[in-house]
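Subject: Structure handover

Hello,

Here is the structure for you to look through. My notes on what was found follow below it.

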2 protein chains.
Amino acid sequence: MPSPAPDASAPADSTPARLVRAAHEVVCEVGLAGTSARAIAQRAGVNQALIFYHFGTVSELLEAASDAAITASIDHYRAAFDGADSLDELVAVARSLQARERTIGNVTYMAQMLSGAQSDPVLARAARSAIVTWSTEVRRVLDRILGNGPLAGLVDPRGLAHLVSAGFIGIELYDIADPDGAAAAVDTLESIGRLVDVLDDLGPVARRALKARTDRSTRTKLRQRTVTR
Amino acid sequence: MPSPAPDASAPADSTPARLVRAAHEVVCEVGLAGTSARAIAQRAGVNQALIFYHFGTVSELLEAASDAAITASIDHYRAAFDGADSLDELVAVARSLQARERTIGNVTYMAQMLSGAQSDPVLARAARSAIVTWSTEVRRVLDRILGNGPLAGLVDPRGLAHLVSAGFIGIELYDIADPDGAAAAVDTLESIGRLVDVLDDLGPVARRALKARTDRSTRTKLRQRTVTR
DNA sequence: GTCTATAAGATGATAGAC
DNA sequence: GTCTATCATCTTATAGAC
C-alpha cells in the first residue's frame, strides 16, 4: 500500500476521489458482475494501473466507495431524521430518502456489496460496516420515536432497525427485476406505517387493552407450540 | 449438505440434472462472482463443454436452476401455506420455510440472481420469473387469511406480498454479512406478525374505531401534504 | 453425448519508463 | 503520480475426435 488510505477528504478532483466516484457509478449501472478495474478507470478517465497504486486492489476501491457513500448519505439525512416526530413522518422521510438513494444508487450499491460478500472478504467487510452504520442510525431514530409509545415494549428497536434496513435492500434488489412490484411494496410499507402510527397514538386505555391482549396471545401461542412439540 | 432437489423433469442422474444441481450449489456457496462454467462442471463431475451443449450458455443454466428450485420449493410448501389460518400461523410457516430455504440456499440463490440481473438479461428474466411465481403464491395466502378481517381494506395484499418477498431477500442478503442482525430482524418480524394478528382479531366495534381513525389520519396527512406543497 | 484441445478475449496485477 | 506495456491467469465458447 504505497498510498495513504482511502481519503474521502481529498480534493474533489484528485485521482483517488475520481476513482471512488467512478467505482460507485460503474457498480450501480452494471452491477458487480460488470465491474472491472478497466471499466472503472475508463469511467474516471485515468489509467487502470492507478487503481492498484492508490487502493491496492479493486475490492479495496469498492470498499472505499462504499464507506464514502454511506457517510455522505447519513450526513445528508441526519437533520430530516431528527425532525421526524412520528412513525408516519419517519416513513415519509424514509420514502424521500429512498427516492434520493435510488437516483444516487446507494442502496443498489450496498445490495451489490452484500451479494459480493459471499465470495470476497473485503466486500464482506465493506458490507458489514455499511450495515452497522445504517442500522445504528435507524435504531437511534426508532428509539426516540417509539420512545414511550405502546409499541415500545412490544417491538425490539434493534431488530426493527435491521428489519427496516433489510427491507430497503430487498426492495431495491426487487426493483431491478420488477419495478412495479417494488413500487407496490413501498406503497404498502407506507400504509402500514400509517396504520401503526394510529395504533401508536391510541389512548392509555386502549394501550393497556392491546398490551394485555398481545401478552395473552403470546402466552397462548407459546403454550400451543410447547404442546405440539 | 442437502440437495436443492431441483427435478428438471429428467432422470435425477442425467447430466443436465447434475449440472442444474451443481449450479445451484456453486452459486449458493461462492456467489455469482465465484461461479463459472468450470466451477459448475467440476462440481457436477462432468466436462465443462457439456454446459454449453445442454444449456447454450452459463446464464441459461443458472436460469434453469432457478426455475427448478422455485417450483420445487413451492410444491413443498403449498400444503403448509394452505393449512395456515391466521397471520400468526402464516408467520410460523414462513419462519420454518425460511429456515429450510436457508439450509437449501434458495433465497440466497434468488438474491444472487437479482444482483446479477443488473448486467445479465437472462438472469434478469430468471429473477423476474421467480418473483412473479413467489409473490403470486404469497398473495394467494394473504388474500385468504386477511380475507375479511379489519386489515383487508387497509393493506393492499399484492403490495404486501411483494413487501414480504422483498423482506426475505433482504434478510438473506443481510445474513451473509451480519447473521446476528438478520436473526434479530426475523425475530422482530415474528413479533410484528403476532401484534398484527391480535389487531386482526379485534371485535367489530374496535375495527370500526380503528378504521375511522386510520381514515381520519390518512385524510389529515394528505391535506398536510397538499398544503405544504 | 461426452470428451480433448484450443481459440479469442477479458481480468487482476506488476515492472519500469518518465 | 501517471503512464505504457506486459504477464499469467481466467473466462466463455467452439471444433472436432470418439
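Apart from neighbours within four places in sequence, A:I40 is in contact (heavy atoms within 4.5 Å) with A:L19, A:A22, A:A23, A:V26, A:T35, A:I51, A:V58, A:L61 and A:L62. This is a predicted model, in which local features need pLDDT of at least 70 and side-chain atom pairs count only at pLDDT 80 or more, while totals for chains, interfaces and linings use all residues. Residues are numbered from 1 along each chain as its sequence is written, chains are lettered from A and ligands numbered from 1 in the order in which they are written, and side-chain values use heavy atoms, leaving out hydrogens and water.

A:I40 and A:L62, together with B:I40 and B:L62, touch the most other members of the largest nonpolar core, which has 126 residues. Such a core is a set of buried Ala, Val, Leu, Ile, Met, Phe, Trp, Tyr and Cys residues joined through side-chain atoms within 4.5 Å; buried means under 20% relative accessible area, with a 1.4 Å probe and protein chains only.

On cysteines: A:C28 is buried at 13% relative accessible area, and B:C28 is buried at 14%. There are zero disulfides (cysteine sulfur atoms within 2.5 Å) over all chains.

There are three cavities of 30 Å³ or more. A cavity is a set of points on a 1 Å grid over the protein atoms alone where a 1.4 Å probe fits but cannot get out, and its lining residues have an atom within 4 Å of a point.

Regards

How values were computed: Buried means under 20% relative accessible area, exposed over 50%, partly exposed in between (1.4 Å probe, protein chains only). On a 1 Å grid over the protein atoms alone, a cavity is a set of points where a 1.4 Å probe fits but cannot get out, and a pocket is an open set with protein on both sides within 12 Å along at least five of seven lines; lining residues have an atom within 4 Å of a point. Grid points are joined across faces, edges and corners, and a volume is the space filled by probe spheres set on the points.
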